Amino acid sequence: MNVSKVRIEKAESYTYPGIKEAIERIFEAFPMELEGKKVAVKPNLLLARAPENASTTHPNVVRAVCEAVIARGGHPVITESGGGPITKASLAHLYEVTGMKKAAEESGALLNEDTEAETLLYPAGKTTKEFLVLRAIRTADVVISVAKLKTHGFMKMTGAAKNLYGVIPGLHKAMMHKDLPGKPEFASMICDLAGAVSPALTITDAVIGMEGEGPSGGTPKKCGLILASDDPFASDLAASAIMGIKPEDAPILREAIARGLIPDDPHALHYEGAKLDEVISPFAFPGNRKTILGLLPGILRYPIEDGRRAYPYITDRCVSCGRCAGICPQKTIHKGKTHFEVDISHCIRCYCCHEICPEKAIDMVRKGRYPKNGKRH
């Protein structure tokens, strides 16, 4: 196993000169031949929210990456599909609200408006051997992933590897959740997807991440860091240590370790920049409670924890926009008398509805405490 390199840059704020210097040091640490090449710059734009919400990659990080690509003769195209249906109008709105339009204008990058998809074959895949991905990703010469460090209700954490799920267009992501409802098979698919897309560089925005009910309903968490690696799993392994969780507790990392892609100890990686042990900043995780389960070995703990996973519960904050119903792969969300409601009898707990809700109106409730028939009292 090759020892992957992770660079940790300190960045106390999103003030642009400091961000630009940090990104430039990263590009110097991971040299690439970009002259004349089309470079897909893939941020995390889960939904149309302002950067201050911490749900999406900050535009100043994306701007600095695009400028670094241009300085090396490349042609950056900011490329993302977001959650829900993908249209030119929805992309334009997504880019505008998240600050990507401004980042493109200031850097000289383009914004991808192509909503078409193509098949990307990956014969080496363990769970998935082909993917439907955005044509802009399929036809790019180089992919640079610009992720956001956040907690995640389904995968525990989302960073470099999970960010690549955004190359799958629109509602097709929800369909993949339906086909792969369990954590192990979904994590295995993400590992295959990372191999298929094979980003040349991954940069993770952890200046301000998200903790708690991530990846969209949590609260901002300042880390003051930017992580970088040419290996998305190595980047996430380092991030797990920073967030304060064991790698085996994050399904994607657990699968990557089982495949021999990364070591099981974050300290086994090669680090540049800041020292790992000096930047630990423990996150609060969804439903995080200290229980006796934590004393059990993983082989016994994981099935119990999976059985105790919460279900989405639509609260009084619901404004009946219907986005949750539109994205649900199982079609278990329906309009009630005054609001949308979840029929948990067929819910696969993919949490797509939780991720896409613009009002943070969906809470997580364990089955034993769930109101009868999924209805609100």
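Where does T57 lie? T57 sits in the loop between β2 (38-43) and α2 (59-71). The model is predicted, so local features need pLDDT of at least 70, side-chain atom pairs count only at pLDDT 80 or more, and totals for chains, interfaces and linings use all residues. Residues are numbered from 1 along each chain as its sequence is written, and side-chain values use heavy atoms, with hydrogens and water left out. Helices (H or I, at least four residues) and strands (E, at least two) are DSSP runs, numbered from the N terminus.

**Residue T57**

- T57 counts as buried because its relative accessibility is 0%. Buried means under 20% relative accessible area, exposed over 50%, and partly exposed in between (1.4 Å probe, protein chains only).
- A polar atom of the T57 side chain lies 2.9 Å from the backbone nitrogen of N44.
- A polar atom of the T57 side chain also lies 2.8 Å from the backbone oxygen of V146.
- Leaving aside neighbours within four places in sequence, T57 is in contact (heavy atoms within 4.5 Å) with residues including P43, M100, K148 and D205.

**Helix α8**

- Helix α8 covers residues 183-197. At 1.5 Å a residue, its 15 residues should span 21 Å, and the end C-alpha atoms are 21 Å apart, which agrees. The expected span is 1.5 Å times one less than the number of residues.
- Twelve of the 15 residues of α8 are buried, so the helix is largely enclosed by the rest of the structure.
- Among the buried residues are F186, M189, I190 and L193. K183 and D192 are buried too.

**Second largest pocket**

- The second largest pocket has a volume of about 180 Å³.
- Its lining has 14 residues, and G83, G84, P85, S90 and R323 lie nearest its centre.
- α3 (88-98) and α12 (323-327) each supply at least two lining residues. The largest share, three residues, comes from α3.
- By class, the lining has seven nonpolar, six polar and one charged residues.
- A pocket is an open set of points on a 1 Å grid over the protein atoms alone, where a 1.4 Å probe fits, with protein on both sides within 12 Å along at least five of seven lines; lining residues have an atom within 4 Å of a point.

**Residue E341**

- E341 is in strand β14 (residues 340-342).
- E341 counts as buried because its relative accessibility is 17%.
- The side chains of E341 and H339 are joined by a polar contact of 3.1 Å. A polar contact is a pair of N or O atoms within 3.5 Å; within protein, one must be able to donate a hydrogen and the other to accept it, and residues adjacent in sequence count only if both atoms are side-chain atoms.

Definitions and conventions:
Points joined across faces, edges and corners; volume = space filled by probe spheres on them. Nonpolar A, V, L, I, M, F, W, Y, C, P; charged D, E, K, R; others polar.
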